[in-house]
Amino acid sequence: MKPITENPINIPRYPLEFQQIITAKNQSFVGREFVFSAINNFLNQSDRGYFNIIGEPGIGKSAIFAHYISHNPGVVYYNVEIPGKNHVEEFLTTICTQLIEIAQNQGSKNFTTNLTDSTTEDSGFLSLLLQQISNRLQPKQRLIIAIDGCDRIDINNQPRGSNIFYLPRYLPEKVYFILSRRPFLRDKSGLLIETPAQSLDLSNYPEQNRVDIQKYIKSYLNESSHSIDASAATLRERFQRTRSVRSLSEDNNPGDISLNMTKPGFDDDETNFMYIKEILAAINENIYPPNLQLYYQNHWGKMNLATSKQQAMALQVLNILVQEQSISIEAVAERLNADEYEIKVILDQWREFLHLESIGTKIHYSVYHASFRDWLRQQMKSRF
């Protein structure tokens with residue numbers, strides 16, 4: 001991937017916890033060129049703005065950010081998913097500290113590293129820093145701030161109607177924010193901005209995602225020091241609670257391990273990196289991948305919390321949802337003899353974990369990944 005600029009700005013090294021995430025997520029990275037091309041096109045076509053990368057859980061947003069940061073050292077980086085980093089005060093303190101050092105490296109003497117309480121009160125100080133840095137950028141320089149995991153931001157301590165993390169409504173020239181987040185309702189974006197903006201929804205690129213998954217699997221198998229000796233039958237037995245069981249075999253070319261895509265077995269429509277990563281890591285173990293189990297438990301906990309006030313109805317809706325490939329609000333409401341609006345409220349609360357598809361004149365809902373749907377179905381058995 002070509003760097004975004006031939007003359008990057010000087011920024012301090014990222015905090016250790018951020019650097020560890022970047023290093024970990026960048027390991028075994030493959031593909032995603034269509035994402036990087038879209039980012040660069042936006043940077044070249046807009047003189048400032050917000051670029052949103054939207055994708056379901058596990059599709060690889062954090063890895064995309066890590067790879068992008070690794071190849072573009074002039075990008076300021078913040079990760080919301082690290083514990084304690086989802087509050088606006090922490091964000092503004094961390095980001096403004098980095099921006100002050102950038103301003104000082106530019107020769108500005110208007111700022112010191114001694115931050116005051118006013119730094120985290122609103123976007124005023126942040127906007128001032130952005131403007132000061134923008135004024136001193138050279139013709140080919142850009143200031144880019146990448147924020148990974150915006151769906152994790154806690155806005156409870158912010159005034160109602162304020163932008164997430166007090167992100168500026170207006171941006172000075174050559175200043176860009178790149179954000180990643182899970183799917184969200186349009187009216188709950190948390191951003192009111194008047195500056196160029198563009199979104200890239202990874203779900204709109206199934207073929208590119210599928211090809212990148214194939215590259216990842218082949219790279220993993222060729223580089224792995226662990227032997228992959230499970231037969232197709234054994235794999236189906238070990239991962240019967242998942243929808244897509246991986247069937248592995250040696251290709252005719254000696255030393256080249258590839259995938260046998262003969263069904264039943266490998267699902268060649270697979271696009272979820274988290275699922276593939278954990279399945280491959282545990283493929284020689286006789287257990288359900290523990291990290292995947294924990295990942296899904298966190299999902300379910302968040303879903304339960306979001307609909308805690310409608311718990312009884314939410315459980316009934318979920319029980320129907322996990323039994324179907326996809327289903328409309330109208331069909332769910334008819335089965336439960338419930339109001340369609342009540343069903344929609346519940347599904348809206350689960351938006352980040354759902355896939356939406358237009359079929360005819362209706363929107364059909366499904367759990368974002370078949371493996372998570374199957375896992376949820378197992379959890380629901382004890383309740384119904």
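Guide: Buried means under 20% relative accessible area, exposed over 50%, and partly exposed in between (1.4 Å probe, protein chains only). This is a predicted model, in which local features need pLDDT of at least 70 and side-chain atom pairs count only at pLDDT 80 or more, while totals for chains, interfaces and linings use all residues. Residues are numbered from 1 along each chain as its sequence is written, and side-chain values use heavy atoms, with hydrogens and water left out.

Visitor: With which residue does Arg 182 form a salt bridge?

Guide: Side chains of opposite charge can pair when their charged atoms come close. The criterion for a salt bridge is a side-chain nitrogen of Lys or Arg within 4 Å of a carboxyl oxygen of Asp or Glu. Here the partner of Arg 182 is Glu 352, with the closest N and O atoms 2.7 Å apart. The two residues lie 170 residues apart and link distant parts of the chain: Glu 352 is in the loop between helix H12 (340-349) and strand S9 (354-359), and Arg 182 is in the loop between S4 and strand S5 (197-201). Helices (H or I, at least four residues) and strands (E, at least two) are DSSP runs, numbered from the N terminus. Glu 352 counts as buried because its relative accessible area is 12%.

Visitor: Which residues do salt bridges with shared partners join into one network?

Guide: The network consists of Glu 81, Asp 151, Arg 152, Arg 182, Lys 302 and Glu 352. Within it, the side chains of Arg 152 and Glu 81 meet at 3.7 Å, N to O. That pair also links distant parts of the chain, 71 residues apart. Arg 152 is partly exposed, at 27% relative accessibility, and Glu 81 is likewise partly exposed, at 37%.

Visitor: How many salt bridges does the whole structure hold?

Guide: A search of the whole structure finds 15. Another of them joins Glu 90 and Lys 85 at 2.6 Å, N to O. Lys 85 is buried, with a relative accessible area of 8%, whereas Glu 90 is partly exposed at 29%.

Visitor: In what order do the strands of the open sheet lie?

Guide: Strands of a sheet pair through backbone hydrogen bonds, either parallel or antiparallel. Two strands count as paired if DSSP finds at least two bridges between them. In this model, 5 strands form an open sheet in the order S2-S3-S4-S1-S5, with parallel pairing. S2 and S5 are the edge strands, each pairing on one side only. Strand S1 (residues 49-54) is joined to S5 by 5 bridges, and the bridge partner of Ile 54 in S5 is Asp 201.

Visitor: How much of the protein is buried?

Guide: Buried residues make up 50% of the 384 residues. The secondary structure comes to 13 helices and 10 strands.

Visitor: Where is the pLDDT below 50?

Guide: pLDDT is the predictor's confidence in each residue, from 0 to 100. The protein averages 83, and 80% of the residues score at least 70. Over residues 226-266 the pLDDT is below 50, although this stretch has 83 contacts in the model beyond near neighbours in sequence. A contact means heavy atoms within 4.5 Å. Where pLDDT is low, the predicted coordinates should not be read in detail.
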